[in-house]
Amino acid sequence: MKKWFFLFAPPDWARRAWTRRKSRDAAAAWLFLAPSAAGFALFYLIPFAMGVMYSFRSGASGGRFAGLANYRELLASDSFRKAASNTFYFSAASVPFMLALSLGLALLLNRQIYFRKWLRASYVLPLVVPVASVLVIWQLIFDWNGALNYALSRFGIDRVDWMKTEAARYVVLAVYLWKNVGYNVILFLAGLQQIPRDYYETAQIEGAGRFRQFYGITLVYLTSTTFFVVIMSILNSFKVFRETYLLAGDYPHDSIYMLQHYMNNMFASLDIQKLTAAAVLMVGVIMAIVLGLFGLERRYRQFME
Amino acid sequence: MEISKEQVDFKRKRWIAAASIALFGLLLFFTLFSNTLQSVALPKVRTGTATSGGLAYTLEGSGVLRPIKQAELPNPAGWQVRQVLVKEGEAVKAGQRLVLYDSSSAERELEDEIAQLDKMYIALEAAQDQYIASTVGGDELGSREAKRELAARQIDLSVQRRKIEGLRERLKRQRELTAPFDGIVVEMNAVEGLASAGQPDAVISSRDFGYQLDLVADGELVDRLELAAGQPIELRIAAAGKQPERSLKGIIDEMTDEDSRRAGSPEGDGGETSSAVRQKRLRIHVADSSLRGGEQVSVRLKRPSSEKGWIVPNEAVHREGESKFIFTVDQQRGALGNVFVARKVPIEASASNGRETMIPPDRLYAGDLIILESSEPLQDGNRVRLQ
Amino acid sequence: MAVRKGLLTAGLGMIGLLLLLPIAITFTHSLMTEQELTIDYGPIGQRTEATETGADTFVNLKWLPDKVTLEQYGKLLVYTPNYLLMFWNSAGLVVPIIVGQTAVAALAAYAFAKLKFRGRDSLFLAYLLAMLMPFQVTLVPNYIMADKLGLLHRPGAVILPGVFAAFGVFMLRQFMLHIPYAYIEAAKMDGAGHLRIFLTIILPMVKSGMAALVVLLFVDYWNMVEQPLIFLDDPFKQPLSVFLSRLTGEWGTVFAASMLYMSPMLLLFLYAETYFIQGVQWSGIKG
């Protein structure tokens, strides 16, 4: 029986075992947790709390409580709005695209093919390649005089200045897909291999068509994998900032100016209030999305059961 | 089947492990030795430090002291020298005889003329007698003719007398060479038994007017030394014979501009950069009774410049068109240990004497290494290897 | 059937090759001579009036070098000492992070996976959220914190947050969750304490998970750019990723540097591919 252990819901028998020695375990648990919790608090929790605090003050040190003034100012700022909407749209567009692409590839890889192991390895390899070492390749491809424009001109299409127009979005999307598709393919492959073969056989005997099988069995059994893939894809869609940053610098074209650019630049200009307010807003949104997905997943599983 | 697959896997892993070790070994090797490897190819430089202080301007020159008043006495008649009475270096008084000449031919001529004169007297007497006889005889015509004859003879006689007088005078003058003034025989060319050719037989110089030395020096240097007419200056006489080296006082008599000469740059790089160097002639006057003239004297004038700076040897200074620069060595923190980098330092305002150049004090720090010589032409920022 | 299988393989293989292309280009170009690269890639970054009108000034993307040479590697290793220094800088940052995070995370993951205590789920949620947050979110407070701890401009400012990052905890917990309780119960019957259980039962069972974590962490931190840029001001302490992103000008050196930079990752991947893929799969699936 397959269970999604992602966050909550330990198996029933385990829950029973826990309640029995809850008190004895607690002390040991904190001992085991101590190093991690201390460091985590010091480098993540406390800084975040400080960040929240700063976001309500008028100055990082010695400022007064300023209420929501920082937030108002932030929301009124054009560059923040631009950065936030870019980040939002990029994630909203790239995550479903990624999902569809990696699921499709995983389904194909799961078919009868030669060299499966090698193919799988070639899909994953980009994940381990450091960003900085393929930067120059992206430049070669997406430059005004680059390889992609050369290919386009062969087909009689006008060249595009990829990094300096709206087209930069596609560049970032391409880099994102290149790097992360393998990771998601592996996840989906694992999910697919967990589905017992006889389910399909039974379905076939009962006369279910291909699509029926796909919707009825494959997608249902891949639900929890999909949730995980979505979360990881969102996480990775934030990480693509690094590529963008290295390719285009502090101030890339407007269409790929992400929240991280905004925060970096606020940091550079020492605008702590705006930076922390933006950070708090971002955390809030991410938290809402993640918790929403968990809730959805839990309800879905309950529904399935 | 399974085993062979595992074996393949194991083999592959061993291979990868070997490759990893090779990679890290390579990187480690280069980390340890890349500095050494690289420095083999670097230009080798010889360095020195700059000294702080003023530039010493040195005027150096030498020459021969010449007396100011000097007479060259030629052989007056081109006669053979009979006797040389003084030696070179001897002090003489005005009128003192220096050289006697062989005047026998002139004396003979004089004697001949005197004999001629005697003959004329005799002829005069004959003419007188003729006149007396004519007058006594009353021969008016003969008497007048005898009188004219007599007058002409008398004229001839006085002419002959004057000629003898002249000859005598010449003989007296040309028979000997005398000193025109008190002084020293600087040169004595007369040799007994020979007639002199070309040169004066004797050169006499006066002590009373002193001696002079002419020097040609770089005009800029003269300006920097702030030399002016009327200034005292110290001279040294080189040791000669038993005389030890000694110094004497001189006074700059006059300074005149000499013709400029074209001079190449001292570094000789390129050679096309030459400039007219202003030259000045110094005339130094020396009065010293012990001098005889002709002594070899040298001048060495040293004076520190008024402004202070860094002193570097001229060989360290490079030229590029109008601008001058030197290279210093910067010690930079390299990735793997310290590296030395040549740094170009322009020196617009610089002063130079023949060997050293003074750089404004803000151009260098104490202890900066200056590149004196490099195995290859350097550029700003080149890494170099210290010798 | 075999035809279909072959066609499918060919199709997927094409995609695979496309994905491998950047790596392959980097490799082949690192063997080219500088002249060849300069001629072929001269037009990069030259958007001029002439190219505006569509004049034929494209780069000449080639697959294979005309002349194979190791010149670029030689130049890189001998004349770019910064490169070597920063390679070791990278290692000096990454290795402590990996060792530290794996150790710290294993302990914490055991507590999260196998022990019950009050506030466990909410604390784990905090870890999870922290894992998802971009680095910039806690940039300022982290900076202030590093300053207060005296870590600023020292490697510790990068290493310590890495050691205590949540990812390892999350991943190892995933692995530990499916160790059956029966093992622990049995050990407890024998009178073993938690530490002993952890060391003798749990750790050996999550070995593959830890290997996967090591690979994933290596990938992640070998790559880091923002943290060292902000927390280390000394250019000689920066890791290779920062250095490479600023290396411009000589194409050949860039390719050779990129190749050498990614080669430890490639070797590690080839060596531990099974672990890596297993690790990724387990982190998302089983439970």
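Colleague: At what angle do helix α4 (residues 78-109) of chain A and helix α8 (residues 168-194) of chain A pack, and how far apart are their axes?

Modeller: Axes are lines fitted to C-alpha atoms, for helices over the stretch in contact, and angles run from 0 to 180 degrees between N-to-C directions. Here the angle is about 45 degrees, with the axes 7 Å apart. That makes α4(A) oblique to α8(A), because angles under 35 degrees count as roughly parallel, over 145 as roughly antiparallel, 65 to 115 as roughly perpendicular and the rest as oblique.

Colleague: Before we go on, what am I looking at?

Modeller: This is a predicted model, in which local features need pLDDT of at least 70 and side-chain atom pairs count only at pLDDT 80 or more, while totals for chains, interfaces and linings use all residues. Residues are numbered from 1 along each chain as its sequence is written, and chains are lettered from A and ligands numbered from 1 in the order in which they are written.

Colleague: Is the crossing of α4(A) and α8(A) left-handed or right-handed?

Modeller: A crossing is left-handed if the near helix is turned anticlockwise from the far one by less than a right angle, and right-handed if clockwise. This one is right-handed. Among the residues making the contact are F90(A) and M98(A) of α4(A), and Y176(A) and F188(A) of α8(A); two residues are in contact if their C-beta atoms, placed from the backbone, lie within 7 Å.

Colleague: How do the residues of that contact divide by class?

Modeller: Ala, Val, Leu, Ile, Met, Phe, Trp, Tyr, Cys and Pro count as nonpolar, Asp, Glu, Lys and Arg as charged, and the others, Gly among them, as polar. The division is 16 nonpolar, four polar and no charged.

Colleague: How many residues do chain A and chain C bring to their contact?

Modeller: Chain A gives 93 residues and chain C gives 84 residues. On the chain A side, the largest share, 22 residues, comes from helix α2 (residues 22-55) of chain A. That side has 69 nonpolar, 16 polar and eight charged residues.

Colleague: And which element supplies the largest share where chain B touches chain C?

Modeller: That contact takes 17 residues from chain B and 15 residues from chain C. The largest share of the chain B side, 13 residues, comes from α1(B).

Colleague: What is the secondary structure of chain C?

Modeller: Helices (H or I, at least four residues) and strands (E, at least two) are DSSP runs, numbered from the N terminus. Chain C comes to 16 helices and zero strands.
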